[in-house]
Amino acid sequence: MDGNGRWATRRFLPRTVGHHKGLDAVRTTVEACVQRGVEYLTLFAFSSENWRRPEEEVSVLMTLFVSALEREVGRLIRNGVRLKVIGDVSAFNPVLQTAIREAEARTADNGKLVLTIAANYGGRWDITQAMRRLLAERPECLTRPELIDDAALEPFLATAGMPEPDLFIRTGGEQRISNFLLWQLAYTELYFSEDFWPDFDAAALDRAIASFGERERRFGRTSAQVAAVAPQSR
Ligand code: IPE
Ligand code: MG
């Protein structure tokens, strides 16, 4: 979700107004995903690098997180949304940590959409924390590193048990991944939108999904091989 600050600056408003508007876009997008049968939506809300922003902006973002977690849970439950937060939440203040745990617990039985919020998340952090936990749990890997492969690491990633993402959407016009789900995006289709995040809505989502529908996903195979495989066994 990128472009909140620029959305506001263009209107001669403080950047933080853009973050509030961005929350409206989150609500709209989550509901549009539920209506379209999307089963997993992962939003990059705060990266491990975002701490470098001015203290006041970071503090507004934290307050916004807490109030959103408290205010939106009812709506999430009504929509059948399960909330999950990934990232190093131990760096957040205790009030926010509690709000996160409570929102996760209250939505734990919902099954329509898994909404994952990446907060104080970084793709490199995820890979290194996964490796550390793998080695702690399976010390035999230290002497036999050949035991470590993709499948061994996967259960320790923050996204363990989730399918790999089909589509990555970045708003705000930049064309980079910025340390989002680095491992998980290996075969994901990338889509970049010029819209600032506060302007993102159901129609913008449909444009991204339509673009995804035009891609041919080969997973390393040739076009002819993909065409020869029955669609249901792909
Ligand atoms: C994204 O919008 C929101 C967060 C990272 C929290 P930005 O705040 O990055 O907006 P721009 O890129 O400055 O416009
Ligand atoms: Mg930005």
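The legends below describe close-up views of a predicted model.

**View 1. Residues in contact with ligand 1.** The shell around ligand 1 holds 13 residues, and the closest are Met1, Asp2, Arg6, Arg15 and Arg53. By class, the shell residues divide into three nonpolar, five polar and five charged. Asp2 places a polar side-chain atom 2.8 Å from an oxygen atom of ligand 1. For Asn4 the contact is through the backbone, with an N or O atom 3.1 Å from an oxygen atom of the ligand. In the side chain of Arg53, an N or O atom is 2.7 Å from an oxygen atom of ligand 1. Taken alone, ligand 1 exposes 380 Å², and the protein buries 88% of that area.

**View 2. Helices around ligand 1.** The largest share comes from helix 1, which supplies three residues.

View 3. Helix 5 is made up of 15 residues, 123-137. At 1.5 Å a residue, these should span 21 Å, and the end C-alpha atoms are 21 Å apart, which agrees. Which residues of helix 5 are buried? They are Gly123, Asp126, Gln129, Ala130 and Leu134. These residues cover an arc of only 140° around the axis, so they lie on the same side of helix 5. An α-helix has 3.6 residues a turn, so residues three or four places apart point the same way. The exposed residues Arg124, Arg132 and Ala136 are carried on the face of helix 5 turned away from its buried side.

View 4. Ser178 is in the loop between strand 4 (167-170) and strand 5 (189-192). Its phi is positive, about 50°, although Ser178 is not a glycine. Asn179 is also found in the loop between strand 4 and strand 5. The phi of Asn179 is near 65°, again a positive value in a residue other than glycine.

**View 5. Side chain of Ser193.** Ser193 is placed in the loop between strand 5 and helix 8 (202-213). With a relative accessible area of 6%, Ser193 is buried. A polar atom of the Ser193 side chain lies 3.1 Å from the backbone nitrogen of Asp195.

**View 6. Gly80 and Leu113.** Gly80 is found in the loop between helix 3 and strand 2 (81-86). The relative accessible area of Gly80 is 14%, so this residue is buried. How far apart in space are Gly80 and Leu113, C-alpha to C-alpha? The distance is 6.7 Å, and in sequence Gly80 and Leu113 are 33 residues apart.

Notes
Residues numbered from 1 in each chain as written. Chains lettered and ligands numbered in written order. Predicted model: local features only at pLDDT ≥ 70, side-chain atom pairs only at ≥ 80, totals over all residues. Heavy atoms only, no water. Near = heavy atom within 4 Å. Polar contact = N/O pair within 3.5 Å; in protein donor to acceptor, adjacent residues only side chain to side chain. Areas by Shrake-Rupley, 256 points an atom, 1.4 Å probe, with all protein chains shown as cover. Helix = DSSP H or I, 4+ residues; strand = E, 2+ residues; numbered from the N terminus. Nonpolar A, V, L, I, M, F, W, Y, C, P; charged D, E, K, R; others polar. Expected span 1.5 Å × (residues − 1). Buried < 20%, exposed > 50% of the residue type's maximum accessible area, 1.4 Å probe, protein only. Arc of directions from axis to C-beta.
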